[in-house]
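Biologist: I'm new to this one. Can you walk me through the charged pairs?
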Amino acid sequence: MWRMTPYKILALFRIHREFNPDRFKPEEKEADIDDVLGGYKKACKEIDASLKAIASEMKVVSATFEGNADSIEAMTAKQDVLNKRLEEQKKKVAEAEAALKKYQDAGQGTSEAAKKMETSLNYARAAMIKTENEIRNLD
């Protein structure tokens, strides 16, 4: 009785694929997330690190003016730190908007990853609005 070993089957398949390339077209796959996002992840890490440094700076300002929190110097220092935070948050919103646009341009506007990106964008916008309100309340 004639038996095909796995090795023989694979060898025949390779020969068949070599001489019939039209039957074995490469599958179209979705665009790679990292290609679509470009440098979004790296930029986000840098912005988050900067936001952490700014948060620690705010703690220093609060500790420095603990007994005199309503003085002009304290308000000015807090406003400077809040303005720094606002600028970083604006960068984060811009990066998220750009990444979401890349998803939409790649035809993945309705994918789960695009929805996560939209959620991330909404959270970044909310944080930015909260900081703007804090600045307004200082005035």
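Predicted model: local features only at pLDDT ≥ 70, side-chain atom pairs only at ≥ 80, totals over all residues.

Biologist: Where do Lys116 and Glu112 lie?

Modeller: Both are in helix α5. They sit 4 residues apart, about one turn of the helix.

Biologist: Is Lys116 buried or exposed? And what about Glu112, buried or exposed?

Modeller: Lys116 is exposed, at 56% relative accessible area. Glu112 is exposed too, at 59%.

Biologist: OK, new topic. How many salt bridges are there by this rule?

Modeller: The count comes to 8.

Biologist: Which residue does Glu134 pair with?

Modeller: Glu134 forms a salt bridge with Arg85, and their closest N and O atoms are 3.6 Å apart. This pair links distant parts of the chain. Glu134 is in helix α5 (residues 112-138), while Arg85 is in helix α4 (residues 72-105). They are 49 residues apart.

Biologist: How accessible is Glu134? And Arg85?

Modeller: Glu134 is partly exposed, with 29% relative accessible area. Arg85 is partly exposed as well, at 21%. The cut-off for buried is under 20%, so Arg85 does not count as buried.

Biologist: Back to helix α4. What do Lys91 and Glu88 do?

Modeller: Their side chains meet in a salt bridge, 3.2 Å from N to O. Lys91 and Glu88 are 3 residues apart in helix α4, about one helical turn.

Biologist: Is Glu88 buried or exposed?

Modeller: Glu88 is buried, at 12% relative accessibility.

Definitions and conventions
Residues numbered from 1 in each chain as written. Heavy atoms only, no water. Salt bridge = Lys/Arg side-chain N within 4 Å of Asp/Glu carboxyl O. Helix = DSSP H or I, 4+ residues; strand = E, 2+ residues; numbered from the N terminus. Buried < 20%, exposed > 50% of the residue type's maximum accessible area, 1.4 Å probe, protein only.
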